[in-house]
Amino acid sequence: MATHGIKSGALVTLPELQPSSPFFEEGASLRVTGKLQEYSAETAIAIVAEDGAVLKINTEHLRDITFRVGSIYQFIGELLILPDNEAILHARVGRNVDGIDLNLYHQSLQLLRQFQADHMNNSS
């Protein structure tokens with residue numbers, strides 16, 4: 001019996017999400033964090049940015065979330081890659097994370113990745 005489930009979102013920073021990145025894959029389940037630059041209620045498209053990198057977020061399936069330009073948001077969803085290598089994250093979860101210390105968040109992400117790499121090396 002095949003099990004179909006929702007994949008967890010791999011933690012990725014927006015600058016890491018480039019065509020050469022292993023995260024830049026059609027259907028990849030990702031968790032991204034960025035500052036809201038634009039939001040269109042008509043198209044349900046949000047644009048978030050971090051360190052000069054931007055990503056479009058399709059928010060059509062999100063409910064009970066208020067978007068404010070300048071606030072920091074975190075989204076979990078699946079990546080759609082268009083023919084011109086433009087990426088759009090189809091969000092299934094979104095939340096405002098104003099107040100997050102982004103420097104500390106990035107440090108913890110690096111420590112998590114280091115731990116996971118060490119754990120994988122010790123397991124083999």
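This is a predicted model: local features need pLDDT of at least 70, side-chain atom pairs count only at pLDDT 80 or more; totals for chains, interfaces and linings use all residues.

## Aromatic cluster and pocket

Phe67 counts as buried, since its relative accessibility is 17% and the cut-off for burial is under 20%. The rings of Phe67 and Phe75 form a stacked pair, because their planes stand at 20° and an angle under 30 degrees counts as stacked. Both Phe67 and Phe75 are buried.

The structure has four aromatic pairs in total. Another of them joins Tyr39 and Phe67, whose planes at 25° make this pair stacked too. Tyr39 belongs to strand 2 (residues 29-40), while Phe67 sits in the loop between strand 4 (53-58) and strand 5 (72-81). Tyr39 is partly exposed, with a relative accessible area of 32%.

| Pair | Distance between ring centres | Angle between planes |
|---|---|---|
| Phe67 and Phe75 | 6.4 Å | 20° |

Together with Tyr73, the residues Tyr39, Phe67 and Phe75 make up one aromatic cluster.

The largest pocket has a volume of about 190 Å³. Its lining includes Leu14, Leu17, Gln18, Pro19 and Phe24, along with Asn85, Glu86 and Ala87. Ala53, Val54, Leu55 and Lys56 also line this pocket. Strand 4 contributes the most to the lining of the largest pocket, with four residues. By residue class, that lining comprises eight nonpolar, two polar and two charged residues.

Note on methods. Residues are numbered from 1 along each chain as its sequence is written. Side-chain values use heavy atoms; hydrogens and water are left out. Rings of Phe, Tyr and Trp (its six-membered ring) pair if their centres lie within 6.5 Å; planes under 30 degrees apart count as stacked, over 60 as edge-to-face and the rest as tilted. Helices (H or I, at least four residues) and strands (E, at least two) are DSSP runs, numbered from the N terminus. Buried means under 20% relative accessible area, exposed over 50%, partly exposed in between (1.4 Å probe, protein chains only). On a 1 Å grid over the protein atoms alone, a cavity is a set of points where a 1.4 Å probe fits but cannot get out, and a pocket is an open set with protein on both sides within 12 Å along at least five of seven lines; lining residues have an atom within 4 Å of a point. Grid points are joined across faces, edges and corners, and a volume is the space filled by probe spheres set on the points. Ala, Val, Leu, Ile, Met, Phe, Trp, Tyr, Cys and Pro count as nonpolar, Asp, Glu, Lys and Arg as charged, and the others, Gly among them, as polar.
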